[in-house]
Amino acid sequence: MSHESIHEHLLISARKWARTAVDAYLEEPIDQDFAVHHMAVAVEHASKAYLASIAPVLLASERQPSVDDLLVLSGNEDKTTKGRAGLKTIGGEGAILRAAQLLGPGHKAPAKLKELRESRNGITHMGWGQPVTECRELLAAGIEHINALLKALSTEPDGFWGTHLEACTALVAQATTEIEIRYHAKLRQARERFAQTTRSLSEAETAELVSSLSALPTAALGSLVVPAECPACGHTGFASGRDMLGDYLEVWFFPRQFGCRLCGLTLTQSELDLAGIKGQILNDSEEPDPDWEPDFDTY
């Protein structure tokens, strides 16, 4: 196993675990245990990738390493009987501390980094996680540490985080609400789905697809369904909800959910304001028709 392959293998693994952690955080409801556990694994592998980029022997155990361990880490795996299968390396906590030391005095480890590691151990060994309210801070600590390592490795963050870069930046900044983070992540994912669906289609085929799917409402949450522009792909989706009689006998529509068949975007009631999908008057008649349904050509 070469110097480069150890470093690259660990960085690829760190990227996989990190992206999966953010995926779990963006799910509804949050899969907190997966998010925290996977981010902690990503931090460990990223720390080891940084150590290996300097010298693979830095991955050797804090305790007296075996000769076979040193042979594998020095690129002489063929001289061992078990090869990499028998390799014992430094533990996660030790790798993080060793990496922090090599990052230099200017590097300040995030305050919650140790707690992230401890939470991962609790989840792994006993199924004990942290309260949901602490999930964001733990993930932010992991993201900060990994970003410091990426800078030292001269690796661009967008290549590591992919489509989650904006969400990760917002998590660390602490200036964006969790609803906003999830909303913008949903829009990015929906746009990618739409682009992937239409990538191989001609303009005529795309137009036909848009025409056919735009006419089909998604599953409704409420008795009324009203067309609305999709904030992700810009085509027609449908808001569903309920009606209510106003003070002056107006019939008001109150949306509770939005869905778009073209890009797969779904929004919950808490995200509708961000999308600009709000309540509206549907009817000014004095006696609302109980069997009334919206005219899709009008609304």
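Accessible areas come from the Shrake-Rupley method with a 1.4 Å probe, and for residues only the protein chains shown count as cover.

**View 1. The whole chain and its surface.** This is a predicted model, in which local features need pLDDT of at least 70 and side-chain atom pairs count only at pLDDT 80 or more, while totals for chains, interfaces and linings use all residues. Residues are numbered from 1 along each chain as its sequence is written, and side-chain values use heavy atoms, with hydrogens and water left out. The accessible surface comes to about 16,200 Å², and carbon and sulfur atoms hold 52% of that surface. You can find 11 helices and five strands here; these are DSSP runs numbered from the N terminus (helices: H or I, at least four residues; strands: E, at least two). Of the 299 residues, 41% are buried, meaning under 20% relative accessible area with a 1.4 Å probe, protein chains only.

**View 2. The largest nonpolar core.** A nonpolar core is a set of buried Ala, Val, Leu, Ile, Met, Phe, Trp, Tyr and Cys residues joined through side-chain atoms within 4.5 Å. The largest one has 48 residues, and Tyr25, Met39, Leu116, Ile146, Phe160 and Trp161 touch the most other members. Among the elements that give two or more residues are H1 (3-26), H2 (32-54) and H6 (135-152). Helix H2 gives the most, with 11 residues.

**View 3. Around Ile146.** Look past the neighbours within four places in sequence, and Ile146 is in contact with Met39, Ala42, Val43, Ala46, Phe160 and Trp161. Contact here means heavy atoms within 4.5 Å.

View 4. The 12 residues of H4, at 1.5 Å a residue, should span 16 Å, and the end C-alpha atoms are 16 Å apart, which agrees. That expected span is 1.5 Å times one less than the number of residues. Buried residues of H4 include Ile96, Ala99, Ala100 and Leu103, and the buried residues of this helix pack against H2, H5 and H6. Just after H4, Gly104 takes a positive phi of about 100 degrees.

**View 5. Helices H8 and H9 side by side.** The axes of H8 and H9 come within 9 Å and cross at roughly 170 degrees. Axes are lines fitted to C-alpha atoms, for helices over the stretch in contact, and angles run from 0 to 180 degrees between N-to-C directions. That makes H8 roughly antiparallel to H9, a label for angles over 145 degrees. Glu166, Ala167, Ala170 and Leu171 of H8 make the contact with Ile181, His184 and Arg188 of H9.

Conventions:
Buried means under 20% relative accessible area, exposed over 50%, partly exposed in between (1.4 Å probe, protein chains only). Angles under 35 degrees count as roughly parallel, over 145 as roughly antiparallel, 65 to 115 as roughly perpendicular and the rest as oblique.
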